[in-house]
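I record what I looked up, entry by entry.

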Amino acid sequence: ADRLEKFSDYPAIASAVNDKGVISLSAANADLSKQERTWLQARGVETALIVPLVARDQTIALAELWLRAPDRHFSQRDIRLARALATSAATAMENARLLDEAQQRLGELSTINEISRALTQTISSEDLFVMLQQQIGQVLRTQSMTIATLNPLSGQVTFPLAVRGGLRIHVDPIEYGADLYS
């Protein structure tokens, strides 16, 4: 597996993440931790360049570049190029994340707009509650919701919309002040 089980067992890689700096791991380096050396050997790697991808001043990913030839090492030019590519990749990843967030928010706003429009139209109460169940459930990704109304003349709380596990259920009216809803 390519996963690093305990980050603390990989101090050089942890420093790349924490310090946001490029590091070079060499199988010949006596200062490597046992786990880092084993990690390199398991992949047949002589030298690995660990390049953090940084966005919003946080390491969001790591790029690993491997050399298997024992006589080959990463040059300063290689490291500068890897750093530049990592910067571009991190920017692209951050832009994709922001686009996903914006699209999700746009979908939510669109649903809110649809609900608002439906509320201003003349529709039956039942149609309204069906629409609320669908739209609110979709936007908030919820399978349960309740709308309770108070009749000030009778003092009763009724439940025109009660959904549990995605299914609409009946809830008997209660006296105001009898439970959570009143």
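**Entry 1: Arg168 and its partner.** I began with Arg168, which counts as partly exposed because its relative accessibility is 33%; I use buried for under 20% relative accessible area, exposed for over 50% and partly exposed in between, with a 1.4 Å probe and protein chains only. Arg168 forms a salt bridge with Glu126, and their closest N and O atoms are 2.6 Å apart. I count a salt bridge when a side-chain nitrogen of Lys or Arg is within 4 Å of a carboxyl oxygen of Asp or Glu. Glu126 lies in helix α4 (residues 125-140) and Arg168 in strand β6 (residues 167-168), so the pair ties together parts that are 42 residues apart in sequence. Helices (H or I, at least four residues) and strands (E, at least two) are DSSP runs, numbered from the N terminus. Glu126 has a relative accessible area of 41% and is therefore partly exposed.

**Entry 2: basis of the values.** The model is predicted: local features need pLDDT of at least 70, side-chain atom pairs count only at pLDDT 80 or more, and totals for chains, interfaces and linings use all residues. Residues are numbered from 1 along each chain as its sequence is written, and side-chain values use heavy atoms, with hydrogens and water left out.

**Entry 3: the other salt bridges.** I searched the whole structure and found six salt bridges. One of them joins the side chains of Arg56 and Glu94 at 2.3 Å, N to O. Arg56 is in the loop between β2 and β3 and Glu94 is in helix α3, so this pair ties together parts that are 38 residues apart in sequence. Glu94 counts as buried because its relative accessibility is 10%, whereas Arg56, at 46%, counts as partly exposed. Glu94 also forms a salt bridge with Arg97, with 2.6 Å between the closest N and O atoms. Both Glu94 and Arg97 lie in helix α3, three residues apart, about one turn of the helix. Arg97 has a relative accessible area of 30% and is partly exposed. Salt bridges that share partners join Arg56, Glu94, Arg97 and Glu101 into one network.

**Entry 4: Glu36.** Glu36 is placed in helix α2. Leaving aside neighbours within four places in sequence, Glu36 is in contact (heavy atoms within 4.5 Å) with Asp9, Tyr10, Pro11, Ala12 and Ile13.

**Entry 5: the three-stranded sheet.** I then traced an open sheet of three strands in the order β1-β2-β3, with antiparallel pairing; two strands pair if DSSP finds at least two bridges between them. Its edge strands, β1 (23-26) and β3 (58-67), each pair on one side only. From one strand to the next the twist averages 25°. Helix α1 (residues 11-19) packs on the sheet and touches β1, β2 and β3; its direction makes about 170° with that of β1. Axes are lines fitted to C-alpha atoms, for helices over the stretch in contact, and angles run from 0 to 180 degrees between N-to-C directions. Helix α3 lies across β2 and β3 and runs at about 35° to β2. Four bridges join β1 to β2 (residues 47-55), and Leu25 stands opposite Ala48 in β2.

**Entry 6: nonpolar cores.** I defined a nonpolar core as a set of buried Ala, Val, Leu, Ile, Met, Phe, Trp, Tyr and Cys residues joined through side-chain atoms within 4.5 Å. The largest has twelve residues, among them Tyr10, Leu25, Trp39, Leu40 and Ala48. Helix α1, β1, α2 (34-42) and β2 each supply at least two residues of this core. A second, separate core of ten residues includes Val22, Leu53, Leu67 and Ala82.

**Entry 7: the hairpins.** Six bridges join β4 (residues 145-151) to β5 (residues 156-164) in the antiparallel sense, and Leu150 has Val157 as its bridge partner in β5. This hairpin has four residues between the strands, and Gly155 takes a positive phi near 75°. A hairpin of β5 and β6 has two residues between them, with Gly165 in the turn at a positive phi of about 60°.
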